[in-house]
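Visitor: Could you walk me through this one? I'd like to start with the metal and then look around it.

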Amino acid sequence: MSNQESRKTEVTHAVEPLRAHDFDGIQEFDNPMPNWWLALLIASIVFAFGYWAVMHRYVEESDPGKVLTAKMERASQEAARRAGVLSNPILWTMSRDATVVKAGKEVYLASCAPCHLPDLAGAIGPNLKDEIWIHGSQPLDILKVITEGVAVKGMPTWGPVLGRQKISEVAAFILSFHQPPATP
Ligand code: HEC
């Protein structure tokens, strides 16, 4: 029996139809994929689109990249704050924190209101709630003026009197009347 003939006998035993091709004498049955397998394939394709839409497209808070960036931003601010480093973003964050602002308001009413007035409108010292700043509008500029004062103009030096924490709180209180720059 030649090679060709022996293959033919095998073929006659097959129940399913054979594919037309033949590689070095190897042939394959034309079996359809089982239904459970096809169902799984289609389900995973549908799931992939749903997952992509929810996690990356339409539901902002669940976008893993954005969540991570926000978490890292918060963590680095927290670390800087613990290390005692103040920056413009940290002071803006403090100015939206009710506890800090409340503490700052107490300092303000006790030490600053006589010259800047309780509603920040200004009298001997300038208005602190408008957008006109003599010494700069950045949180760190405000912190610096409060700490160092402007002796010749009558703004006392508060650094040695109040200390770092109270100065950052009173700066946060003043900033709570202002809007942080829009984040790009
Ligand atoms: C004795 C009066 C007086 C008191 C008290 C006082 N300030 Fe002032 N402050 C001034 C004067 C006057 C200026 C304007 C300085 C200038 O013209 O350079 C000023 C300026 C400032 C500025 C800068 C405003 C700008 O436009 O750049 C800030 C911020 C400020 N004061 C915050 C405070 C805070 C906070 C306190 C309380 C801890 C305080 N001041 C207490 C008189 C006072």
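Guide: What follows is a short talk about a metal site and a helix in a predicted model.

Visitor: Which protein atoms are donors to the iron atom of the ligand?

Guide: The iron atom of the ligand has NE2 of H116 and SD of M155 as its protein donors, and they lie 2.0 to 2.2 Å from it. H116 belongs to helix α5, residues 98-116, whereas M155 sits in the loop between α6 and α7, so the pair links distant parts of the chain, 39 residues apart.

Visitor: And what's the geometry of the site?

Guide: The site is octahedral, with 6 donor atoms and angles among them of 87 to 179 degrees. For six octahedral donors the ideal angles are 90 or 180 degrees.

Visitor: Is H116 buried or exposed?

Guide: H116 has a relative accessible area of 9%, and because buried means under 20%, H116 counts as buried. M155, at 18% relative accessibility, is buried as well.

Visitor: Switching to α5, where does it bend?

Guide: The bend in α5 is at L109 and amounts to about 50 degrees. Between its end C-alpha atoms α5 spans only 22 Å, whereas a straight helix of 19 residues would span 27 Å.

Visitor: Which elements cover its buried residues?

Guide: The cover over the buried residues of α5 includes α4 and α7, and those buried residues include V100, G104, Y108 and C112.

Visitor: What happens at the start of α5?

Guide: There, a side-chain oxygen of D97 comes within 3.0 Å of the backbone nitrogen of T99. After α5 comes L117, which has a positive phi, near 70 degrees.

Terms used. Residues are numbered from 1 along each chain as its sequence is written. This is a predicted model: local features need pLDDT of at least 70, side-chain atom pairs count only at pLDDT 80 or more; totals for chains, interfaces and linings use all residues. Side-chain values use heavy atoms; hydrogens and water are left out. Donors are N, O and S atoms within 2.8 Å of the metal (3.2 Å for Na, K and Ca); water is not among the atoms, so sites may look incomplete. Four donors count as tetrahedral if all angles lie between 85 and 135 degrees; four count as square planar and six as octahedral if opposite donors are over 155 degrees apart and all others between 65 and 115; anything else is irregular. Helices (H or I, at least four residues) and strands (E, at least two) are DSSP runs, numbered from the N terminus. Buried means under 20% relative accessible area, exposed over 50%, partly exposed in between (1.4 Å probe, protein chains only). The expected span of a helix is 1.5 Å times one less than its number of residues. The bend at a residue is the angle between axes fitted to the seven residues ending there and the seven starting there. Contact means heavy atoms within 4.5 Å. A polar contact is a pair of N or O atoms within 3.5 Å; within protein, one must be able to donate a hydrogen and the other to accept it, and residues adjacent in sequence count only if both atoms are side-chain atoms.
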